[in-house]
Amino acid sequence: MKTSSPFLRQPRGDGFTFIEIILVVAVVLVLFALAIPSVQKGIVKSREIQCARQLRQLGAAVALYQGENNGAFPPALGSWFPQVPWNGSWYEPNKNQEMGLAAYVGGNRKLIELAVCPLNRLPVNGKTSTPYPYAVNYYVFPTTPVATFPIRRLAGIPQPSKIVVMTDSATGSGWGYGFNRNTDGTGFNRVAEPHSGRTNILWADGHVAPVKKSELQRGNIDFVNYPL
């Protein structure tokens, strides 16, 4: 009976061979490449949801403000907030005082955070981008109130579910505090579409919904001269 010598056997170790390691790495890389689009879509969707959540919080703050100011919408600019006279905008700090809407969201810092879409806080070319706050409709959030843009009250707005209050803003030279038919015409140039080709909008009745700019009409901002 023949027996094999233990010196002639080539025992296989418990580790992976070089080829097996290469195959595993290749499989992992393929799976990673397949997962990237889904991850990116998830990130984009989460930012869209966060943006909409911020606008809803701002809408709630506006409603609280209206409850204490006879249903009036706050002004975009000028010293027209009853509790704090100052010449800034609806989201800017005034030294150590609270801004007009800050008292309804938890302070200046919180309001500044809510006023900027998450996409407008992202780095650009390796540098931190300038945060561009949401743009407002001057027919709802007026500038220093005059005859053209008087203080508006919710009760005086027809079809509030179709009137724009606040939108995603353009960046860079395209940004502006707000827009009206004279500053923006029918192109809504100060309105951005960062969320899969749509802009998140806070409507006058308080709901938030995304639309394409092409779906907006003059009557969605100028409800006085261009009724829907």
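Modeller: Two strands pair if DSSP finds at least two bridges between them. Keep in mind that this is a predicted model.

Colleague: Thanks! What makes E3 and E5 a pair?
Modeller: Two bridges join E3 to E5, and the rule asks for at least two, so they count as paired. The two strands run parallel. As for a bridge partner, Val 136 has Gly 178 in E5.

Colleague: And what makes E6 and E7 a pair?
Modeller: Strand E6 (residues 199–203) and strand E7 (residues 208–211) share four bridges, in the antiparallel sense. The rule needs at least two, so they pair. Asn 200, for instance, has Pro 210 in E7 as its bridge partner. E6 and E7 form a hairpin with four residues between them, and Gly 206 in the turn has a positive phi of about 100°.

Colleague: Which strands are at the edges of the sheet?
Modeller: The open sheet has five strands in the order E5-E3-E4-E6-E7, with mixed pairing. Its edge strands are E5 and E7, as each pairs on one side only.

Colleague: Let's turn to the rings. How many aromatic pairs are there?
Modeller: The count comes to seven aromatic pairs.

Colleague: Why is the pair of Tyr 132 and Trp 175 called tilted?
Modeller: Their ring centres are 6.2 Å apart, and the limit is 6.5 Å, so they pair. Their planes stand at 50°; stacked needs under 30 degrees and edge-to-face over 60, so tilted is what remains.

Colleague: Which parts does this pair tie together?
Modeller: Tyr 132 lies in the loop between strand E2 (127–128) and strand E3 (135–137), while Trp 175 lies in the loop between strand E4 (164–167) and strand E5 (178–179). The pair therefore ties together parts that are 43 residues apart in sequence. Both rings also belong to a cluster that ring pairs build from Trp 90, Tyr 91, Tyr 132, Phe 141, Trp 175 and Tyr 177.

Colleague: Are Tyr 132 and Trp 175 buried or partly exposed?
Modeller: Tyr 132 has a relative accessible area of 18%; buried means under 20%, so Tyr 132 is buried. Trp 175 has 21%, which lies between 20% and 50%, so Trp 175 is partly exposed.

Colleague: What does the side chain of Asn 69 reach?
Modeller: The side chain of Asn 69 reaches the backbone oxygen of Tyr 65 at 2.7 Å, and the limit for a polar contact is 3.5 Å.

How values were computed:
Residues are numbered from 1 along each chain as its sequence is written. This is a predicted model: local features need pLDDT of at least 70, side-chain atom pairs count only at pLDDT 80 or more; totals for chains, interfaces and linings use all residues. Side-chain values use heavy atoms; hydrogens and water are left out. A polar contact is a pair of N or O atoms within 3.5 Å; within protein, one must be able to donate a hydrogen and the other to accept it, and residues adjacent in sequence count only if both atoms are side-chain atoms. Rings of Phe, Tyr and Trp (its six-membered ring) pair if their centres lie within 6.5 Å; planes under 30 degrees apart count as stacked, over 60 as edge-to-face and the rest as tilted. Buried means under 20% relative accessible area, exposed over 50%, partly exposed in between (1.4 Å probe, protein chains only).
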